[in-house]
Amino acid sequence: MMYGWYGDGGILGWVVMAVMMLLFWGGVAAVVILLIRSGRAGAGGHSGSPHDDPERILNERFARGEIDANELNERRTVLRNKP
């Protein structure tokens, strides 16, 4: 027995169900997108050569004045000639 309720929520019931379904699937899509973005960001960052990070550090040290131009060029040559 249904005790006086016959499953008829009227148009308001249908609207509420539709909105809730949109919110649910929108939330699922947002979680998937955030997981994909966070996974991609931690995968390595950039696709440069393996010598980019040491050269970047050398350039920063030169910019701070820790090494001079001769030392910068010598170290850069050594880095680029490594196998």
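This briefing covers the fold, the surface and two local features of the chain above. The model is predicted. The chain has three helices and zero strands. Mean pLDDT over the chain is 82.

**Fold and confidence**
- Along the sequence, the elements run α-α-α.
- A pLDDT of at least 70 is reached by 75% of the residues.
- Helix α3, residues 69-81, has the highest mean pLDDT among the elements, at 91.
- Helix α2, residues 52-64, has the lowest, at 88.

**Surface**
- The chain has 83 residues, and 7% of them are buried.
- Its accessible surface is about 7300 Å².
- Carbon and sulfur atoms account for 66% of that surface.

**Arg76, a buried charge**
- Arg76 sits in helix α3.
- This residue is buried, yet it has no salt bridge.
- Leaving aside residues up to four places away in sequence, Arg76 touches Glu55, Leu58 and Asn59.

**The aromatic pair**
- The structure holds one aromatic pair.
- Phe24 and Trp25 form this pair, with their ring centres 4.9 Å apart.
- Phe24 has 47% relative accessibility, so it counts as partly exposed.
- Trp25 is exposed because its relative accessible area is 52%, and the cut-off for exposed is over 50%.

Key
Residues are numbered from 1 along each chain as its sequence is written. This is a predicted model: local features need pLDDT of at least 70, side-chain atom pairs count only at pLDDT 80 or more; totals for chains, interfaces and linings use all residues. Side-chain values use heavy atoms; hydrogens and water are left out. pLDDT is the predictor's confidence in each residue, from 0 to 100. Helices (H or I, at least four residues) and strands (E, at least two) are DSSP runs, numbered from the N terminus. Buried means under 20% relative accessible area, exposed over 50%, partly exposed in between (1.4 Å probe, protein chains only). Accessible areas come from the Shrake-Rupley method with a 1.4 Å probe; for residues, only the protein chains shown count as cover. Lys and Arg count as positive and Asp and Glu as negative; His and the chain ends are not counted. A salt bridge is a side-chain nitrogen of Lys or Arg within 4 Å of a carboxyl oxygen of Asp or Glu. Contact means heavy atoms within 4.5 Å. Rings of Phe, Tyr and Trp (its six-membered ring) pair if their centres lie within 6.5 Å; planes under 30 degrees apart count as stacked, over 60 as edge-to-face and the rest as tilted.
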